[in-house]
Amino acid sequence: MDYDGFFRAELDGLREEGNYRVFADLERACGSFPKAVNRDGEAAREVTIWCSNDYLGMGQHPAVLAAMHDALDTVGAGAGGTRNISGTTHHHVLLERELADLHGKPAALLFSSGYVSNWAALGTLAARIPDCIVLSDALNHASMIEGIRHSRAERQIWRHNDLGHLEELLAAQPTDRPKLIAFESVYSMDGDIAPIAEICDLAERYNAMTYLDEVHAVGLYGPRGGGVAEERGLMDRLTVIEGTLGKAFGVMGGYIAASEELCDFVRSFASGFIFTTALPPAVAAGACASVRHLKESGAERALQRERVRQVRTRLDAIGIPHKCNPSHIIPVMVGDPVKCRYLSDILLRDHGIYIQPINYPTVPKGTERLRITPSPVHSSADIDRLVTALEDLWAQCQLARLPVAAQ
């Protein structure tokens with residue numbers, strides 16, 4: 001077999017469909033983010049990033065940087081190995097305490113990423129709880145799907161945010177059978193939010209555990225940044241809350257927060273935890289500083305909400321189609337992979353605006369979009385340039401607009 005020929009043919013297929021991904025070479029400018037330098041060979045230009053998951057700009061916050069510098073100078077670079085062998089440092093212990101406190105849980109457990117935390121925790125719980133069945137929302141993240149698949153437990157998929165369908169599946173199971181409902185709070189592509197309280201009601205009625213992925217909500221919602229569950233006063237009703245340190249907290253890593261017994265169970269049996277080198281102490285220290293700051297400060301969240309409101313209002317005024325949702329995520333709908341890629345390329349080339357196109361398989365075919373994430377570090381002038389560029393491109397490409405009266 002011509003292996004390289006096979007790889008080329010598959011990649012050519014992606015290019016023909018408009019789904020081949022190209023990474024922009026970006027160098028963020030600390031202290032002036034969302035500005036960054038985009039490098040293309042020998043050329044370099046300043047751009048404004050509009051699609052970062054560093055939702056609050058905490059990746060450049062002085063408290064975070066100071067904590068990381070201090071840890072690096074004090075304890076060095078790496079953790080020294082896996083947590084089991086020699087990689088548990090005091091910075092990891094402190095961060096797990098902060099995360100448990102953030103979610104009102106007795107314990108928390110750190111992982112190297114949000115993807116790994118979902119894969120390892122869901123995979124371990126579903127595999128090792130005898131006869132466990134997992135009920136998974138249809139739009140769950142790939143990391144959740146892979147964790148459930150890895151467990152080899154029976155799984156059933158319920159229609160996205162469809163409480164009636166979820167109850168139908170729960171009611172069909174014996175009351176005493178172990179059941180795990182896996183879902184997200186904020187869904188990152190459409191920006192809609194799960195009916196968490198109602199799902200908890202069903203879980204209690206049918207004797208099921210709940211596993212809530214809050215990766216696109218932690219730091220952003222609730223009086224201390226504990227997520228949508230904190231905002232709605234529901235954290236105590238959830239079995240497991242999973243989050244990330246790589247989005248609103250601006251650093252890297254993932255975690256779960258739950259009972260001491262559940263966290264210890266995952267710590268003791270999850271291969272994705274046991275055999276993975278621990279996060280560098282400086283990363284843990286920076287994340288800890290970020291969590292602590294956002295527990296006390298609501299200024300970043302308030303300004304972000306205002307920037308989101310401003311962008312939505314401006315897009316509505318010129319009829320640019322975007323999904324209405326109650327979250328901070330603004331999906332500008334294009335509906336064609338080639339046009340979506342083209343819009344992204346022209347925004348970068350001619351306007352100095354970086355928005356990565358979101359195409360299949362991240363979203364279903366025909367729902368391609370530009371995913372915009374306004375942050376507190378975007379200025380009014382940044383918004384002006386974004387809206388003007390989108391208006392020009394929509395006219396240039398003769399893309400459909402919504403009547404302003406219909407907004």
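Is C200 buried or exposed? C200 counts as buried, with a relative accessibility of 0%; buried means under 20% relative accessible area, exposed over 50%, and partly exposed in between, with a 1.4 Å probe and protein chains only. The structure is a predicted model, in which local features need pLDDT of at least 70 and side-chain atom pairs count only at pLDDT 80 or more, while totals for chains, interfaces and linings use all residues. Residues are numbered from 1 along each chain as its sequence is written, and side-chain values use heavy atoms, with hydrogens and water left out.

The chain contains 15 helices and 14 strands. Helices (H or I, at least four residues) and strands (E, at least two) are DSSP runs, numbered from the N terminus. The C-alpha trace spans about 60 × 55 × 55 Å along its principal axes. For 407 residues, a compact globule would have a radius of gyration near 22 Å, and the 22 Å of the chain agrees with this. The radius is taken over C-alpha atoms, and the globule rule is 2.2 Å times the number of residues to the power 0.38.

Of the 407 residues in the chain, 54% are buried. Among contacts between residues at least 6 apart in sequence, 70% join residues at least 24 apart.

The structure holds zero disulfides, a disulfide being a pair of cysteine sulfur atoms within 2.5 Å. C132 is in no disulfide, and the nearest cysteine sulfur, that of C200, is 17 Å away. C200 is likewise in no disulfide, with the sulfur of C132 as the nearest cysteine sulfur at 17 Å. C132 is buried, at a relative accessible area of 4%.

Two cis peptide bonds are described here. One runs from F33 to P34, with omega near 25°. P34 is placed in the loop between strand 1 (25–28) and strand 2 (35–40). Another joins Y360 and P361, with omega about 10°. P361 belongs to the loop between strand 13 (357–358) and strand 14 (369–372).

Positive phi values also occur in residues other than glycine. R152 is not a glycine, yet its phi is positive, at about 65°. This residue lies in the loop between helix 6 (142–151) and strand 6 (154–158). R152 is exposed, with a relative accessible area of 80%. N207, also a residue other than glycine, has a positive phi near 60°. The loop that holds N207 runs between helix 8 (196–205) and strand 8 (209–213). With a relative accessible area of 46%, N207 is partly exposed.

L26 is part of strand 1 and counts as partly exposed, at 28% relative accessibility. Leaving aside residues up to four places away in sequence, L26 touches V37, N38, V47, I49 and Y354. L26 and L390 are 364 residues apart in sequence, and their C-alpha atoms are 21 Å apart in space.

G31 is found in the loop between strand 1 and strand 2. G31 is exposed, with a relative accessible area of 63%. From C-alpha to C-alpha, G31 and H61 are 8.1 Å apart in space, and 30 residues separate them in sequence.

I85 is located in helix 3 (residues 83–87). It is exposed, with a relative accessible area of 71%. The C-alpha atoms of I85 and P403 are separated by 62 Å, and the two residues are 318 apart along the chain.

Note on methods: Contact means heavy atoms within 4.5 Å.
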